[in-house]
Amino acid sequence: MFIHWALKEIHLKIVYYGPALCGKTANLEYIHSRIDPSLKSDLVTLKTREDRTIFFDFLQLEVGYIENKKPKFNIYTVPGQVNYNHTRKVVLNGVDGIVFVADSQREMMDANLDTLLDLEKHLIAEGKTLEDFPWVLQYNKRDLPNIESIREIETKLNFFNVPHFEAIATQGKGVFPTVKEVVKLVVSNVQRHLEDGKRMRA
Amino acid sequence: MQYSKGMSENQYNQILSCLTKLIQKLRLNAVFLVDGAGRILAEKLSESEKFDTTILAPLASGSYSAANEMARQLGEKSNVKMMLYENDNKNVFISSVTSDVFLVIVFETGVALGMVRLFAKRTLLQLQPILLDDSANQFDELFDQHFQGLLNEKLNQSFLDE
């Protein structure tokens, strides 16, 4: 979180994380297509010729002033391919909240778990863990035929009982509930840290 | 680990003053300060410029981080000190101010690179002590009990099909 007191801006960074081709960019594309144009930046996508994210996608959302403060949400995706490990670490710098987009297809369960463990490794390097950090799970591609049941995915991925959402990101299903929940968790987490700091100084 | 970072009004005004002097001195297109998370800390654009620094900030931040990793892979121990993108019309010069903040300068190809480097270096030395002041990081309250509900309402209004 960064607070710009002169401009009364609160910058919060949210990262969409997940295995390759799970639908992270599709989430941002849908959000970008459905937001009031005056409240969003352009959607930047850094892709390979094969249309795969090579660095990150970026979108800034605003909601105007609330109680004389202007929250700004900087939303990023990471590249999902295994060999872009350092790039994911770079994008996570200063992260305030995470949406983990899991691919619901049965054959993707190992990749989902490996990527979640990769996320935990990067968070630890930032002094955070999945247990004490605001994040949500999105189970994407619920329209495909060969998908795992929600109960099974929950057992395999949701060890910390974080909020989860079923989604079909390409159709927009589940996209907004996911982003609203992570924003809510991020704001609550900021508040909790401030109260903890206040108690420690008292 | 520090949870949050902030910039006071006083810091911002001092930084803006440094950036304004730099842009006027060299007739630059734009000067802005970006952090490692891709956020704009302060910016100054010439009157004729219209580009969106919100977009340029994460791109500059990302490219600088990528260059640092390249340096690390080559066995370098410290961060990249400067980067230059040469284009047909507008060049971009990026220089580190602190380990997590850097200065981005956009200038016409007619402006001498040596001058840009010289004055950028002077500006960095002015900016460093300003950025060291961390008093703006210490605060107890940011949101009151109504903030969360109001934010949720605003988000609902922003999403066009909700």
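## Helix 3 and the sheet of chain B

In this predicted model, helix 3 of chain B (residues 113–132) lies across strand 2, strand 4, strand 5 and strand 6 of chain B, and runs at about 150° to strand 6 of chain B. Helices (H or I, at least four residues) and strands (E, at least two) are DSSP runs numbered from the N terminus. Angles run from 0 to 180 degrees between N-to-C directions, the axes being lines fitted to C-alpha atoms, for helices over the stretch in contact. Contact means heavy atoms within 4.5 Å. Helix 1 of chain B (residues 9–26) lies across strand 2 (30–35), strand 3 and strand 6 (101–108) of chain B, at about 35° to strand 3 of chain B.

The sheet itself is open and has five strands of chain B in the order 3-2-6-5-4, with antiparallel pairing. Its edge strands are strand 3 (40–45) and strand 4 (82–85) of chain B, each of which pairs on one side only. On average, neighbouring strands of this sheet are turned by 15° against each other, direction ignored. Two strands count as paired if DSSP finds at least two bridges between them. Strand 4 and strand 5 (residues 90–96) of chain B pair in the antiparallel sense over four bridges. B:Y85 has B:V92, in strand 5 of chain B, as its bridge partner.

## Chain B as a whole

Chain B has four helices and six strands, which follow the order β-α-β-β-α-β-β-β-α-α from the N terminus on. Its C-alpha trace spans about 55 × 35 × 35 Å along the principal axes. Of the 162 residues in chain B, 49% are buried, where buried means under 20% relative accessible area, exposed over 50%, and partly exposed in between (1.4 Å probe, protein chains only). Among the contacts in chain B with a separation of 6 or more, 49% are made by residues 24 or more positions apart.

## Chain A as a whole

Chain A contains five helices and eight strands, in the sequence pattern β-β-α-β-β-β-α-β-α-β-α-β-α. The C-alpha trace of chain A spans about 50 × 40 × 30 Å along its principal axes. The radius of gyration of chain A is 17 Å, which agrees with the value near 17 Å for a compact globule of 202 residues; this radius is taken over C-alpha atoms, and the globule rule is 2.2 Å times the number of residues to the power 0.38.

In chain A, 59% of the 202 residues count as buried. Residues 24 or more positions apart supply 66% of the contacts in chain A with a separation of 6 or more.

## The interface

Across the interface, 55 residues of chain A are in contact with 47 residues of chain B. The two chains bury about 4,800 Å² between them, 65% of it on carbon and sulfur atoms. A:F2, A:W5 and A:K180 supply 14% of the area that chain A buries against chain B, more than any other three residues. Buried area is the accessible area (1.4 Å probe) that two parts lose on being put together, summed over both.

## The surroundings of A:S41

A:S41 is found in the loop between helix 1 (24–34) and strand 3 (44–47) of chain A. This residue, A:S41, is buried, with a relative accessible area of 7%. Leaving aside neighbours within four places in sequence, A:S41 is in contact with A:H32, A:F58, A:L59 and A:Q60, and also with B:D52, B:T54 and B:I55. The C-alpha atoms of A:S41 and A:Q60 are separated by 5.2 Å, although the two residues are 19 residues apart along the chain.

## Basis of the values

Residues are numbered from 1 along each chain as its sequence is written, chains are lettered from A and ligands numbered from 1 in the order in which they are written, and side-chain values use heavy atoms, with hydrogens and water left out. For this predicted model, local features need pLDDT of at least 70 and side-chain atom pairs count only at pLDDT 80 or more, whereas totals for chains, interfaces and linings use all residues.
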